[in-house]
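Subject: Handing over a structure, with notes

Dear colleague,

I am passing on the structure below, and after it you will find my notes on what turned up in it. Please read them with the model open beside you.

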Amino acid sequence: MYDKELRRQKHKKWLLYAVAFIIFQSAIIALFTLTIMKVRNPKFRVRSASFDTIEIPTANTSFNFNSNVQLGIKNTNFGPYKYDNSTITFYYGDTEVGSATISKSKAQFRRTKKFNVAVSLASTNLAANSQLATDIGSGIVPLSSQSKLTGKVELMLIFKKKKSVNMNCTMEINISARSLQNIVCK
C-alpha cells in the first residue's frame, strides 16, 4: 500500500514536470512568433544630397541641378529584404522635375542600407511660374519625392513574405549651402 502511494506521487511529479515543460515550450514558441517571426515594413527615406552643379539663369525662372542623393532602407526584420528595381521621382509642386532608377538589391537583416543615386533636377517641364522665381530668389527650393519598393523579407531561409514600402518625402534645397535641409519622410 505504501508502495502504491509512492508510485502515484512519483507519477504526479512526472506529470507536473511534463505540464511545466509544455507550458515553457509554448511560451518560447509564442515569444519567438511574436518577435522574430513578425515581419515589419522596412523604412525607405531620402537621407541627404550633394550638388555637383547648380545652374540658375539671371531671371530666376528655372533651375538645373545635378546631384547625388543618398537614400536609406532601414530593415528592422530578422531576415534580409530583397527588393526589385524601382524609380524615385522628384517633384516641384505637382510637376515632375527629375527621376532616378533604384537598382535591385538587398538590405541585410537589422541593418540600414545606404546608397547613392545620380539625379538631374530641371524645371523644363514647368510653365512660367512666379512662385518658382520667388523660391529661387529666397534661396530655398521646396521639393518632394515619391517611390515604391516591392520585395520580399526572407526569414530563416524558409519563410518569404512580400512587403512593399512607399516613400513620400518633402525637402528643401538650400541653393547657397548646396545641400538638402528639412527632410521629412512619411
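The side chains of Arg7 and Asp3 meet in a salt bridge, with 3.9 Å from N to O; the term stands for a side-chain nitrogen of Lys or Arg within 4 Å of a carboxyl oxygen of Asp or Glu. Both Arg7 and Asp3 belong to helix α1 (residues 2-35), where they are four residues apart, about one turn of the helix. Helices here are DSSP runs of H or I with at least four residues, strands are runs of E with at least two, and both are numbered from the N terminus. With a relative accessibility of 49%, Arg7 counts as partly exposed, whereas Asp3, at 51%, counts as exposed; the classes are buried for under 20% relative accessible area, exposed for over 50%, and partly exposed in between, with a 1.4 Å probe and protein chains only.

Before going further, please keep in mind that this is a predicted model, in which local features need pLDDT of at least 70 and side-chain atom pairs count only at pLDDT 80 or more, while totals for chains, interfaces and linings use all residues. Residues are numbered from 1 along each chain as its sequence is written, and side-chain values use heavy atoms, with hydrogens and water left out.

By the salt-bridge rule the count comes to three. Another of these joins Arg8 to Glu5, whose closest N and O atoms are 2.5 Å apart, and this pair also lies in helix α1, three residues apart, about one turn of the helix. Arg8 is partly exposed at 48% relative accessibility, and Glu5 is partly exposed at 34%. There is also a salt bridge between Lys82 and Glu154, with 3.5 Å between the closest N and O atoms. Lys82 sits in strand β3 (residues 81-83) and Glu154 in strand β8, so this pair ties together parts that are 72 residues apart in sequence. Lys82 is partly exposed, at 40% relative accessibility, but Glu154 is buried, with a relative accessible area of 13%.

As for the chain as a whole, there are two helices and ten strands, and along the sequence they follow the pattern α-β-β-β-β-β-β-β-α-β-β-β. The C-alpha atoms fill a box of roughly 110 × 30 × 25 Å along the principal axes. Buried residues make up 34% of the 186 residues.

The largest nonpolar core has 41 residues, of which Phe44, Val46, Phe65, Leu71, Leu121 and Val141 touch the most other members; such a core is a set of buried Ala, Val, Leu, Ile, Met, Phe, Trp, Tyr and Cys residues joined through side-chain atoms within 4.5 Å. If neighbours within four places in sequence are left aside, Val46 is in contact (heavy atoms within 4.5 Å) with residues including Val69, Leu71, Ile88, Met167 and Cys185.

Ala122, in strand β7 (residues 111-122), is buried, with a relative accessible area of 19%. Not counting residues up to four places away in sequence, Ala122 touches Phe63, Asn64 and Val97.

On the surface, Phe32, Met156, Leu157, Ile158 and Phe159 form a nonpolar patch with about 560 Å² of accessible area together. Patches are made of residues with over 30% relative accessible area and no salt bridge, like charges being joined within 9 Å and nonpolar side chains (Val, Leu, Ile, Met, Phe, Trp, Tyr) within 5 Å; the areas come from the Shrake-Rupley method with a 1.4 Å probe, and for residues only the protein chains shown count as cover. Leu157, in the loop between β8 (140-155) and β9 (159-174), is exposed, with a relative accessible area of 74%. The phi of Leu157 is near 60°, a positive value in a residue other than glycine. Arg110, in the loop between β6 (105-107) and β7, likewise has a positive phi, near 55°, and is partly exposed at 43% relative accessibility.

With best wishes
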